[in-house]
Amino acid sequence: ALVGSAHFGADDGYQAANKLLSLKDRPTAIFACNNLSGLGLMRALHDAGLRCPDDVAVACFDDFDWAEVFHPRLTTVAQPTQAIGIQAMMMLLERMRDDTARALPPRLVRLKAHLNVRDSSRLPARR
């Protein structure tokens, strides 16, 4: 019941957030899967008359330029997008240069993300 299913758009985030916010035992924190879903989540909180983080704490995956200017400033997980692109291109070029490399098994590469803790994720007030 505490997982809202949504695609990655703002309207989907809004609908998923509304379902979570309508639960009898409403969550005290919600994590949005991307920045657009996070925008929908924040709109749903506003429309429900709830305050972030006083009523519901919020965090989003994928940092974006406006996260710092939101009120409250949004807590986000920042992906190393440039490093992801560089790594993907290096792997592609490796396979293109060497015919035998095309037969290599898939490789898992993990890059570190960064948690930007901002105002939206402090503990909510007690209910």
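A search of the whole structure, which is a predicted model, identified nine salt bridges. One of them joins aspartate 54 to arginine 51, with 3.2 Å between the closest N and O atoms. Another is formed by arginine 118 and aspartate 63, whose closest N and O atoms are 3.1 Å apart. Because arginine 118 lies in the segment after strand 4 (114-116) and aspartate 63 in the loop between strand 2 and strand 3 (75-78), this pair ties together parts that are 55 residues apart in sequence. Arginine 118 is buried, at 10% relative accessibility, whereas aspartate 63 is partly exposed, at 25%.

A salt bridge is also found between the side chains of arginine 73 and aspartate 119, with an N to O distance of 3.1 Å. This pair likewise links distant parts of the chain: arginine 73 belongs to the loop between strand 2 and strand 3, and aspartate 119, 46 residues apart from it, to the segment after strand 4. Both residues are partly exposed, arginine 73 with a relative accessible area of 30% and aspartate 119 with 37%. Salt bridges connect Asp63, Glu68, Arg73, Arg118 and Asp119 in a network.

Aromatic contacts were examined next. The structure contains two aromatic pairs. In the pair of phenylalanine 64 and tryptophan 66, the ring centres are 5.5 Å apart and the planes stand at 75°, so the arrangement is edge-to-face. The rings of phenylalanine 64 and phenylalanine 70 are also edge-to-face, because their planes are at 85°, with the centres 6.1 Å apart. Through these ring pairs, Phe64, Trp66 and Phe70 form a cluster. Phenylalanine 64 is buried, with a relative accessible area of 10%; phenylalanine 70 is partly exposed at 22%, and tryptophan 66 is exposed at 51%. Elsewhere, the charged end of arginine 43 is placed over the ring of tyrosine 14, at 3.8 Å from the ring centre.

Helix 2 comprises 13 residues (residues 35-47). At 1.5 Å a residue, a helix of this length should span 18 Å, and the end C-alpha atoms are 18 Å apart, which agrees. Its buried residues are Asn35, Ser37, Gly38, Gly40, Leu41, Met42, Ala44 and Leu45. The buried residues of helix 2 pack against helix 1 (10-21), as well as against strand 1 (29-32) and strand 2 (57-61). Just after helix 2, glycine 49 adopts a positive phi of about 75°.

Definitions and conventions:
Residues are numbered from 1 along each chain as its sequence is written. This is a predicted model: local features need pLDDT of at least 70, side-chain atom pairs count only at pLDDT 80 or more; totals for chains, interfaces and linings use all residues. Side-chain values use heavy atoms; hydrogens and water are left out. Helices (H or I, at least four residues) and strands (E, at least two) are DSSP runs, numbered from the N terminus. The expected span of a helix is 1.5 Å times one less than its number of residues. Buried means under 20% relative accessible area, exposed over 50%, partly exposed in between (1.4 Å probe, protein chains only). Contact means heavy atoms within 4.5 Å. Rings of Phe, Tyr and Trp (its six-membered ring) pair if their centres lie within 6.5 Å; planes under 30 degrees apart count as stacked, over 60 as edge-to-face and the rest as tilted. A charge sits over a ring if NZ of Lys or CZ of Arg is within 6 Å of the ring centre and within 35 degrees of the ring normal. A salt bridge is a side-chain nitrogen of Lys or Arg within 4 Å of a carboxyl oxygen of Asp or Glu.
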